[in-house]
Amino acid sequence: MKKNPPKSVTDSPFILTKLLVLAVLVFQGCASGQKVAEIPFPKEEVRNIKKVAIMCPNERPDLFMNVAGDEHFPLMLLSPAVIPQLFLAMSYVSTTRNDSRRFNNLTFDMHIGHVIREYLYRKLQRSATFSLISPEEVEACRVTHKLQGSEAKTPGDYEQIGRYIGADTVVELFILSYGVKDPGVFSKPHLVLKVKASMRRVRDGTLLWQTKMVQTLPQQEKAFGFNYGKYSEEDARLLKEELDKLAGVLAERLVEEMGFKSQLPTARLLELGIRD
């Protein structure tokens with residue numbers, strides 16, 4: 001009796017569907033999966049820190065809008081044919097890109113990194129034992145303005161920063177990702193902000209502290225209609241208000257991570273803080 005050759009895993013529509021869905025999920029999640037080595041804040045070093053500058057890349061990070069899952073994933077799972085599943089997967093990626101592009105155009109005047117920097121500066125002013133250089137002074141200096149890019153700096157770069165603005169320590173903020181994310185099918189979308197923060201001594205560029213922080217904020221469906229392709233300036237205004245609130249909460253957590261007491265511990269009171 002002739003035996004049929006074993007079937008490939010791709011011969012099963014169900015398995016192929018799973019693979020397609022998995023591929024889309026991996027594609028969507030790979031951009032924000034950066035690994036950050038955690039270095040605890042050196043509390044014993046605080047007495048040696050006298051003047052701190054907070055820096056952030058000048059390039060505005062792109063916001064992502066990923067709220068199309070409720071429309072696309074049920075169809076991808078239920079459709080028995082391979083070609084329609086593939087087109088649905090491509091449509092999901094395209095919708096997500098178009099949503100992100102639309103909201104980036106509507107929120108072009110908001111730099112989330114600068115918002116966090118401003119909150120962190122004001123909160124540290126109230127509670128830190130060291131003095132701070134204002135963001136305006138950092139921006140006004142041509143050397144520091146040039147060195148605020150996202151590329152890696154050399155010990156000589158940090159030495160220049162210290163010499164030109166009088167800082168002995170630099171805190172750097174890097175936005176890993178931020179936007180609106182739908183955590184699953186039939187679930188409510190929420191805001192998410194991922195940030196890397198670090199502290200370096202300027203005289204030799206020594207890394208004193210580094211952390212990755214993830215902050216989420218549950219999103220009210222009544223605030224955003226999520227009528228795909230028909231986002232309005234009112235939607236953008238509401239989104240910016242929520243992102244501002246999110247930035248303030250994350251800045252409070254950074255202050256507490258440094259060992260200082262926050263004046264308004266919103267993150268703790270609302271129990272919104274999570275670590276990744």
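Start with the largest nonpolar core, which has 45 residues. A nonpolar core here is a set of buried Ala, Val, Leu, Ile, Met, Phe, Trp, Tyr and Cys residues joined through side-chain atoms within 4.5 Å; buried means under 20% relative accessible area, with a 1.4 Å probe and protein chains only. Select Ile-112, Ile-116, Leu-120, Leu-124, Leu-193 and Leu-243, the residues with the most contacts inside this core. Then colour the elements that give two or more residues to it: strands E1 (51–55), E4, E5 (190–201) and E6 (207–218), and helices H3 (82–106), H4 (112–127) and H8. H8 gives the most, nine residues. Helices (H or I, at least four residues) and strands (E, at least two) are DSSP runs, numbered from the N terminus.

The model is predicted: local features need pLDDT of at least 70 and side-chain atom pairs count only at pLDDT 80 or more, while totals for chains, interfaces and linings use all residues. Residues are numbered from 1 along each chain as its sequence is written, and side-chain values use heavy atoms, with hydrogens and water left out.

Next, select Leu-243 in helix H8 (residues 233–257). Leu-243 is buried, with a relative accessible area of 1%. Leaving aside neighbours within four places in sequence, Leu-243 is in contact (heavy atoms within 4.5 Å) with Leu-63, Met-110, Ile-112, Tyr-178 and Leu-191.

Move to Leu-124. Not counting residues up to four places away in sequence, Leu-124 touches Ile-54, Leu-132, Val-255, Met-258 and Phe-260. Another core, of 13 residues, lies apart from the largest one; select Ala-53, Met-55, Val-143 and Leu-147, which are among its members.

Now show Gln-215 in strand E6. Is Gln-215 buried or exposed? Gln-215 is buried, with a relative accessible area of 0%. Its side chain makes a polar contact with the side chain of Arg-253 at 2.9 Å. A polar contact is a pair of N or O atoms within 3.5 Å; within protein, one must be able to donate a hydrogen and the other to accept it, and residues adjacent in sequence count only if both atoms are side-chain atoms.

Finish at the second largest pocket by selecting Pro-57, Ser-150, Phe-174, Ile-175 and Leu-176, which lie nearest its centre among 12 lining residues. A pocket is an open set of points on a 1 Å grid over the protein atoms alone, where a 1.4 Å probe fits, with protein on both sides within 12 Å along at least five of seven lines; lining residues have an atom within 4 Å of a point. Strand E4 (residues 169–181) supplies the largest share of the lining, four residues.

Note on methods: Buried < 20%, exposed > 50% of the residue type's maximum accessible area, 1.4 Å probe, protein only.
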